[in-house]
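Here are my notes for your first look at this model. Keep the structure open beside them and find each element as you read.

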Protein chains: 2
Amino acid sequence: MPKSNKIYLDFASGALPNPSGIHAEGLRARKKLQNARSKVARILHSRSEEIIFTSGGTESNNLAIQGVVFAWQGKGLPHIITTNIEHSSVLETFKMFQKRKLAQITIVPVEPNGIVDPRKIKKSIKKNTVLVSVSYANNEIGTIQPIKEIAKSIRYFKKARAKSLVPSAYPLFHTDAVQAVNYLDLNVEKLGVDLLTLSGNKIENAGRVGILYKRKSVSLMSIFGGGNQEMGLRPGTENLPAIVEFGEALEFVQKIKEKETIRLTKLRDYFINKLLHSNILTNIGMILNGDSKNRLPNNVNITIPNIPSDLLVIELSARGITTSAKSACKAGDNKASHVIKALQVQGKALHSEQDGSLRFSLGRDTTKRKIDYTVKALSEILNKLKKWYI
Amino acid sequence: MPKSNKIYLDFASGALPNPSGIHAEGLRARKKLQNARSKVARILHSRSEEIIFTSGGTESNNLAIQGVVFAWQGKGLPHIITTNIEHSSVLETFKMFQKRKLAQITIVPVEPNGIVDPRKIKKSIKKNTVLVSVSYANNEIGTIQPIKEIAKSIRYFKKARAKSLVPSAYPLFHTDAVQAVNYLDLNVEKLGVDLLTLSGNKIENAGRVGILYKRKSVSLMSIFGGGNQEMGLRPGTENLPAIVEFGEALEFVQKIKEKETIRLTKLRDYFINKLLHSNILTNIGMILNGDSKNRLPNNVNITIPNIPSDLLVIELSARGITTSAKSACKAGDNKASHVIKALQVQGKALHSEQDGSLRFSLGRDTTKRKIDYTVKALSEILNKLKKWYI
């Protein structure tokens with residue numbers, strides 16, 4: 001009897017095999033899963049068993065933070081450190097733990113250019129600090145954090161403590177690298193991180209899954225109760241089709257990374273320069289949010305005082321230009337972005353609390369001509385709107 | 001300038017739009033999301049805003065249990081009730097909460113036929129009981145639980161308490177309906193449940209997402225810290241392509257439900273009858289696990305004493321028949337199934353602790369001819385193996 005004449009025809013059996021079965025189909029699925037895991041591990045310079053597949057970046061960040069806190073067996077409340085411009089999946093998890101009295105938290109403010117000072121991180125480390133979580137690159141303003149320097153500070157703290165007290169694996173260091181994936185170095189050894197988050201949402205053609213890299217020595221507790229999938233750290237049937245796509249897509253973007261980074265950095269600087277030298281934008285008092293150089297090659301983020309940024313998004317959209325006001329990950333939230341606010345209180349005062357930010361994301365199809373078109377369109381819109389708002 | 005000449009070309013923008021953006025693309029994505037949510041709501045006879053999309057069944061079950069426990073504002077530890085044959089994503093979450101001292105738990109044993117007695121559930125309800133979680137149909141042996149009767153018991157308890165004490169919304173009632181989706185009634189009003197889990201993994205052509213139905217009046221806390229997606233109860237960018245697929249697939253299986261249920265029930269009974277009347281199986285002492293009638297139309301689960309079920313899976317697989325030994329959701333776990341064990345201690349003793357179970361899942365392509373072939377293949381395999389094992 002041919003293989004297609006199987007009696008097992010559970011609805012999902014054909015297209016969506018379960019890698020946990022021991023039948024022939026299950027074995028094939030498991031091989032595909034291991035293959036995808038090896039691909040990711042090679043790019044991160046890690047071991048295969050250090051790669052955990054999750055449902056996305058939000059879950060990976062939660063697994064890193066909640067997982068470390070719940071695994072801690074020390075005395076008293078654990079202490080965790082982050083910055084004030086993290087993605088909501090980090091910041092809100094910190095606040096949730098503080099509220100539930102499961103952890104003490106320290107939120108270190110970034111400098112006016114949107115970059116954290118590693119010395120301030122180091123100063124905030126305490127005896128019961130179990131985790132430092134700093135994003136590799138910011139999701140709104142694209143500023144790149146000094147991950148290697150922070151890792152060095154933490155190692156220095158551990159060494160100094162090892163002399164006088166019991167040696168300890170803590171504090172662990174986590175970085176949310178979701179925004180960095182297409183442009184920055186992902187070698188976990190060079191970065192010196194213990195935990196690293198990636199998301200398929202920010203990788204061309206990748207499936208909607210997330211990654212948490214977890215150094216082998218790190219103790220982590222699962223957030224979910226359930227099966228033993230993903231080394232017992234992430235129960236639930238693996239989303240195999242998306243995982244396979246993720247592995248392939250990650251491989252591809254690594255290949256074009258260097259070239260795209262050079263090309264987009266040039267375009268980004270050309271774009272910023274054009275904005276800074278536009279008459280109407282200078283008159284209105286445009287602010288470039290975040291460091292002008294130490295930022296992702298694909299990110300330009302500006303504040304245009306007094307004119308609602310939502311309105312600008314809609315006007316630009318009508319001209320075929322897709323932008324984003326504030327963080328798109330915080331749906332239905334009308335308050336000013338916590339990232340822009342973090343820059344604001346540190347110096348560069350914005351004109352009004354209502355002032356939002358406008359993010360342009362450059363990509364593989366972005367050209368000089370499109371940038372020229374965008375600056376022209378923005379100038380026209382502002383010339384039309386200024387009489388109503390300024 | 002045509003719409004395709006957009007400057008925004010963030011890697012994921014084309015294929016994977018983010019429904020949280022306010023630009024034109026974001027609006028289109030949000031409409032698709034709302035449309036999928038309405039489809040699911042119509043089938044469950046619920047409101048749209050009562051449907052939460054998650055990454056799968058394991059997460060939905062965790063959100064229901066963890067969400068209710070964390071939202072409880074009452075005095076002392078909350079108490080939660082379940083049965084001893086639940087899916088690991090329910091049972092292990094209960095045990096995790098007990099271990100972390102976040103909840104008291106009661107695990108009610110099922111009867112020898114794999115069905116729970118509603119009176120035993122009712123008896124175990126205490127003043128601080130916040131949740132009862134009983135699966136609609138079991139994932140290994142397919143037995144169908146008396147959900148309506150349990151709901152009635154809980155309502156009766158609430159009414160009786162309301163007379164003497166303060167009225168309370170608790171205990172809430174959750175059912176894991178992952179296995180029931182293709183065959184049983186999903187009307188949440190008729191069932192009388194407050195929370196209900198579904199998973200795309202068990203629906204033909206559905207995307208890999210999960211559903212948690214949450215009655216509007218139920219207080220739930222998010223497991224993840226993060227953005228405000230899914231009514232603030234499930235942060236993280238929505239997996240829109242999979243969600244759209246889920247809505248369409250759920251609609252389709254509802255249409256063919258009645259016909260398939262009748263067809264498969266006949267085939268299942270034919271299959272069970274053939275197994276029970278096979279000479280070799282009778283001689284070996286085959287046991288049918290779970291109630292012979294009150295089970296899913298697509299489930300046949302047997303124990304063949306003394307012969308390792310893993311070996312039977314491999315032998316059957318070589319003949320093109322895909323089966324599953326124990327629960328496929330518990331990967332790498334070599335211990336006997338907790339479901340089969342639950343039946344075992346209640347009477348029908350199996351010959352050995354090592355005896356596993358063999359699950360046949362019938363589906364849309366299953367025919368009488370394939371069942372005949374399967375019974376014949378199984379007999380041949382047993383005739384070959386019996387001299388080594390019995």
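1. Start with a term. Two residues are in contact if their C-beta atoms, placed from the backbone, lie within 7 Å. Angles run from 0 to 180 degrees between N-to-C directions. Now look at helix H7 of chain A, residues 240-276. H7(A) lies across strands E8 and E9 of chain A. H7(A) runs at about 20° to E9(A).

2. Before going further, check the confidence. This model is predicted. Its scores are ipTM 0.87 and pTM 0.90. For chain A, the mean pLDDT is 88. In that chain, 88% of the residues reach 70 or more.

3. Which stretches of chain A stay under 50 in pLDDT? One is residues 1-16. The model still gives that stretch 44 contacts beyond four places in sequence. Another is residues 327-332, with 21 such contacts. Where pLDDT is low, the predicted coordinates should not be read in detail.

4. Next, the domains of chain A. Domain 1 covers 24-252 and domain 2 covers 257-389. Their C-alpha centres lie 29 Å apart. How many residues of domain 1 of chain A are in contact with domain 2? The count is 22, and they meet 26 residues of domain 2. On the domain 1 side, nine of the touching residues are nonpolar, 11 are polar and two are charged.

5. E8(A) and E9(A) belong to an open sheet of four strands. The order is E8-E9-E11-E10, and the pairing is antiparallel. Which strands form the edges? They are E8 (287-288) and E10 (324-325) of chain A, each pairing on one side only. E9 of chain A spans residues 299-303 and pairs with E8(A) over two bridges. To find the pairing on screen, pick A:Leu288: its bridge partner in E9(A) is A:Ile302.

6. Follow chain A past E9. A:Asn306 sits in the loop between E9 and helix H9 (309-318) of chain A. Most residues other than glycine have a negative phi, and most peptide bonds are trans.

7. A cis peptide bond joins A:Tyr170 and A:Pro171, with omega at about -5°. A:Pro171 is in the loop between helix H5 (147-164) and strand E5 (172-176) of chain A. Chain B has a cis bond between B:Tyr170 and B:Pro171, and omega there is about -5°. B:Pro171 lies in the loop between H5 (147-164) and E5 (172-176) of chain B.

8. Now a helix pair. Two packed helices are described by the angle between their axes and the distance between the axes. In chain A, helix H2 (residues 57-71) packs against helix H3 (residues 88-99) at about 35°. Their axes are 9 Å apart. The crossing of H2(A) past H3(A) is right-handed. H2(A) contributes A:Gly57, A:Thr58, A:Asn61, A:Asn62, A:Ile65, A:Gln66 and A:Val69 to the contact. From H3(A) come A:Ser89, A:Val90, A:Thr93 and A:Phe97. How does this contact divide by class? It has four nonpolar residues, seven polar ones and no charged ones.

9. Finish with chain B. It holds an open sheet of seven strands, ordered E1-E7-E6-E5-E4-E2-E3, with mixed pairing. Its edge strands are E1 (51-54) and E3 (104-108), which each pair on one side only. On average, neighbouring strands are turned by 20° against each other, direction ignored. Strand E2 (residues 79-83) of chain B runs parallel to E3(B), and five bridges link the pair.

Conventions. Residues numbered from 1 in each chain as written. Chains lettered and ligands numbered in written order. Predicted model: local features only at pLDDT ≥ 70, side-chain atom pairs only at ≥ 80, totals over all residues. Pairing = 2+ DSSP bridges. Left-handed = near helix turned anticlockwise from the far one by under 90°. Nonpolar A, V, L, I, M, F, W, Y, C, P; charged D, E, K, R; others polar. pLDDT = per-residue confidence, 0-100. Domains from an automatic or database assignment.
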